[in-house]
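Let's take a walk through a protein model together. Keep the picture open beside the text and find each residue as we come to it.

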Amino acid sequence: MASIVKSFWASPYFDLNLNKKRHSRSRIQCLTSGDSAAALSFESVKVNGIINGVSSSVVKEKEEADRLSIEVGHDHRGSNVEEKKREKVSEEEKLEPLWDDGYGTQSVKDYLDLAKEIIKPDGGPPRWFTPISCGPPLKDSPILLFLPGMDGLGLGLVLHHKSLGKVFQVRCMHIPVQDRTPFEALVEWVEETVRFEHSSAPNRPIYLVGDSLGGCLALAVAARNPNIDLVVILANPATSFGRSQLQPLLPLLEALPDELHNTVPYLLSCVMGDPVKMATANIDSMLPPTGYFEQLSGNLTGLLPRLSVLSDVIPKETLLWKLKLLKSAAAYANSRLHAIKAEVLVLASGKDNMLPSENEAWRLLRSLQNCKIRYFKDNGHTILLEDGVNLLTIIKATCTYRRKRNHDFVADFLPPSKSEFKQALLGNGWLRNYAGPVMWSTREDGKIVRGLSGVPNEGPVLLVGYHMLMGLELVPLVEQFLQEKKILVRGIAHPTLFSQLVESENKEFSFFDTVRLYGALPVTPSNLFKLLATKSHVLLYPGGAREALHRKGEQYKLFWPDQPEFVRMAARFGATIVPFGVVGEDDVAELVLDYDDLLRIPILGDNIRRDNERYKDLNVRAGMSGEVANQALYIPGLLPKIPGRVYYLFGKPIQTNGRREMLKDRSNARELYLHIKSEVENSMAYLMKKRKEDPYRSIVDRTVYRVLHAPMDQVPSFDHE
């Protein structure tokens, strides 16, 4: 039987190995009307449900002509041939800012529709399949193995196939409904795949994404293979099964009459996830309220009839088996937590009615050697099928994505996608409406124009400027470059932003996650070198934390070090330096409690001193003299004002191309450095003067103009002539 050629038609969603032999290979192929390969087929299975049986006819259908022909390994190891093909296709590819990740185009309805097709019995063992919607990934993308929950279908990533498929070689584990493979055998089966992939690419990490039951499986494999570079991502792992509400259900389900079992999936669907969260997964959040709720109503109405498929996904015997499997899986994984050395990221839901996932996440954080968690208070057990949880976004924002053993902030960076940018615009809309930022730039001829046309499109470009209080200027600046020029400006940031010290107490997705998502990276010479070498647009603040956390009366004062830290590096790569100034912090908020004030407050001052002692090893200006070395970190006391406006002016570009030898001389480099500093100060002086002439400096005037005339980004400003 190993020599039998089997030909399968794949739906647009997945290619599934239906072969009963683990170590045989089959071709999943989309045939055109001229293909004759199906004539060799002894078992032809059409996954869309029209054919499911033995056939010897030649299968022809013209609508399949535009689908990919993909060779997939039907054994537990996968296919190196497929990897080589994908690498060849994507060799010259790279993701551009605002790439289309497809997030929001699929929903739980697609999950239920696909479940009807994939649950058809074939008598085969567990196997891997690759969803076609994942597409060919970028070159050197790591492999991602998805380990499913109780359903065993392997469709739990359906909302994420398109985004993950761009940067991972995605394979999903499918456990047939009637399969009764014990947990230890499943562990060995996945382990064999992991070891094979590791032997094929020993320097590349292997990602294990475990959902519920799959989380136990991922942890068990990680415990048994401490020397393999694994990244384990757990979505509400079932390691807490012993404390769950499912335990007492086992004897009740065993006694439940068969005719009543069809009601169980409906009950479980309410326990497992939030129906509203599931129904909103593919709704554009920027729709007007009437359109949003109309689409939500339609999604909920369409979702209810599809729930009947759950009784086929988990029939009574299978449900009883899965509950027993969960019990053994949790015990197996928990007994081996001490042996796990892998990098672990836990996604925990606050409304998980099936497992105590929030408490379990904190337990795993304390028990594992290298673990971090992200908490989603409004999501249920099926977190990966619910709205508001983009798995790739979380992986990127937590710096969990890498292609080699160590994370590289430049080589491993994935730019923000369209869906991520849309979410950022929604989340930061208050700042645009509140501060009404307006930007100006200077062309080569010295003319000042509104917008960013004076900033070069081609890198490397080094934007050097003033860091406003609390970095208030950062978000509008990055957003404007993306909107107007589709350029991502990568900020050089304080190393503390990449440490556990800034983790929020409740571990929710935070502002610091967003900063990392949009390309911020620790300030080091090597990172600046890599960015300039890759012709990036780089945002640099020589004043650093001292400038952003200045004291009272120090607004618009530069705290730059004496030595030219960046000039010679820029000259080495012929980078264009664009000095810029920004004003408006005094129009937005008043600093009422600065560092000195806070230190005088009992308890609070002690906490600040203690925290800065912990930050001491991350002080990049340690050993320097002067105010710039005083980089104490704290949260100042601010009093919001009825806001004015925030203004940016990017100065005339300064070319360093061809000046490398000249700027090797320290005196020449220092002269250029002081010139750049002077240009920043001149830009701020210009803006301070001109903002007095802006008729729309007040939020009241801007709001009235918006209502009567134009959107916020089109509100006029001062006359720059």
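**A walk through the chain**

The chain has 26 helices and 24 strands; both are DSSP runs numbered from the N terminus, with at least four residues (H or I) for a helix and at least two (E) for a strand. This is a predicted model, in which local features need pLDDT of at least 70 and side-chain atom pairs count only at pLDDT 80 or more, while totals for chains, interfaces and linings use all residues. Residues are numbered from 1 along each chain as its sequence is written, and side-chain values use heavy atoms, leaving out hydrogens and water.

Let's begin with the chain as a whole. Of its 721 residues, 57% are buried. Here buried means under 20% relative accessible area, exposed means over 50%, and partly exposed is in between, using a 1.4 Å probe and protein chains only. The accessible surface of the chain comes to about 30500 Å², and 54% of that belongs to carbon and sulfur atoms. These areas come from the Shrake-Rupley method with a 1.4 Å probe, and for residues only the protein chains shown count as cover. Now look at contacts, meaning heavy atoms within 4.5 Å. Among the contacts with a separation of 6 or more, 82% are between residues 24 or more positions apart.

Next, step inside. A nonpolar core is a set of buried Ala, Val, Leu, Ile, Met, Phe, Trp, Tyr and Cys residues joined through side-chain atoms within 4.5 Å. The largest one has 61 residues, and those with the most contacts inside it include Leu 462, Phe 481, Phe 650 and Ile 676. Helix H25 (residues 666-690) gives this core its largest share, seven residues. A second, separate core has 52 residues, among them Leu 147, Val 187, Ala 330 and Leu 364. Which residues does Phe 481 contact, leaving aside its neighbours within four places in sequence? They are Leu 452, Val 455, Leu 463, Lys 486, Ile 487, Val 489 and Phe 650.

Charged residues come next. Side chains of opposite charge can pair when their charged atoms come close. A salt bridge is counted when a side-chain nitrogen of Lys or Arg is within 4 Å of a carboxyl oxygen of Asp or Glu, and by this rule there are 25. In one of them, the side chains of Arg 402 and Asp 229 meet at 2.7 Å, N to O. Arg 402 lies in the loop between helices H13 (391-397) and H14 (418-427), and Asp 229 in the loop between helix H5 (213-224) and strand E11 (230-235), so this pair ties together parts that are 173 residues apart in sequence. Arg 402 is buried, with a relative accessible area of 5%, and Asp 229 is buried too, at 6%.

Glu 420 and Lys 396 form another salt bridge, with their closest N and O atoms 2.8 Å apart. Glu 420 is in helix H14 and Lys 396 in helix H13, so the pair links distant parts of the chain, 24 residues apart. Glu 420 counts as buried because its relative accessibility is 5%, and Lys 396 counts as buried at 8%.

Is Lys 690 buried or exposed? Lys 690 counts as buried, at 8% relative accessibility, whereas Glu 693 counts as partly exposed, at 42%. Salt bridges that share partners also join Asp 229, Glu 343, Lys 372 and Arg 402 into one network.

Now turn to helix H26 (residues 699-708), where the buried residues are Ile 699, Arg 702 and Tyr 705. Why are they on the same side of H26? They cover an arc of only 125° around the axis, taken from the directions from the helix axis to the C-beta atoms. What covers them includes helix H15 (429-435). The face of H26 turned away from its buried side carries the exposed residues Val 700, Val 707 and Leu 708.

Our last stop is Phe 512, in helix H17 (residues 511-517). Phe 512 counts as partly exposed, at 28% relative accessibility. Beyond its neighbours within four places in sequence, Phe 512 is in contact with Leu 497 and Val 502. Phe 512 and Thr 398 are 114 residues apart in sequence, and their C-alpha atoms are 9.3 Å apart in space.
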